[in-house]
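Here are my notes on the side-chain contacts, as promised. Have the model open while you go through them.

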Amino acid sequence: NHRYPSDLADLVPTYLSAVPVDWMSGEPFHYQVTEDGWFRLWSVGVNGRDDGGILEATLPDGSLTVDQLDWPWPSPAVTNEPRLF
């Protein structure tokens with residue numbers, strides 16, 4: 001249809017038998033279409049909380065943390081790594 005669906009449920013049953021469940025939360029994966037026409041799909045991270053699809057955060061000491069936040073797909077490269085997409 002030349003656009004991403006507004007909701008993952010729009011893919012059922014044509015492309016998916018059901019909306020995939022995030023094994024970290026037991027709830028459906030989080031998904032949103034972005035303003036630039038792309039999409040964001042994410043699982044909650046080990047903190048069990050929806051952080052809005054954010055992978056990394058800057059701590060007060062200026063360092064980055066990625067282990068407690070969400071796991072977006074496709075997963076962006078960590079800031080100090082080269083980006084592949």
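1. Trp23 first: this residue is exposed, at 68% relative accessible area. For reference, exposed means over 50%, buried under 20% and partly exposed in between (1.4 Å probe, protein chains only). Bear in mind that this is a predicted model, with local features needing pLDDT of at least 70 and side-chain atom pairs 80 or more, while totals for chains, interfaces and linings use all residues. Residues are numbered from 1 along each chain as its sequence is written, and side-chain values use heavy atoms, leaving out hydrogens and water.

2. Searching the whole structure gives 6 aromatic pairs (Phe, Tyr or Trp rings, the six-membered one for Trp, with centres within 6.5 Å; stacked under 30 degrees between planes, edge-to-face over 60, tilted for the rest). Trp23 and Trp71 make a tilted one, at 6.3 Å centre to centre and 40 degrees between the planes. This pair links distant parts of the chain, 48 residues apart: Trp23 lies in the segment before β1 (30-33), and Trp71 in strand β5 (residues 71-73) (strands are DSSP runs of E, at least two residues, numbered from the N terminus). Trp71 is partly exposed, at 31%.

3. There's also a cluster: ring pairs connect Tyr4, Tyr31, Trp38, Phe39 and Trp73.

4. Arg49 is partly exposed, at 48%.

Key
Helix = DSSP H or I, 4+ residues; strand = E, 2+ residues; numbered from the N terminus.
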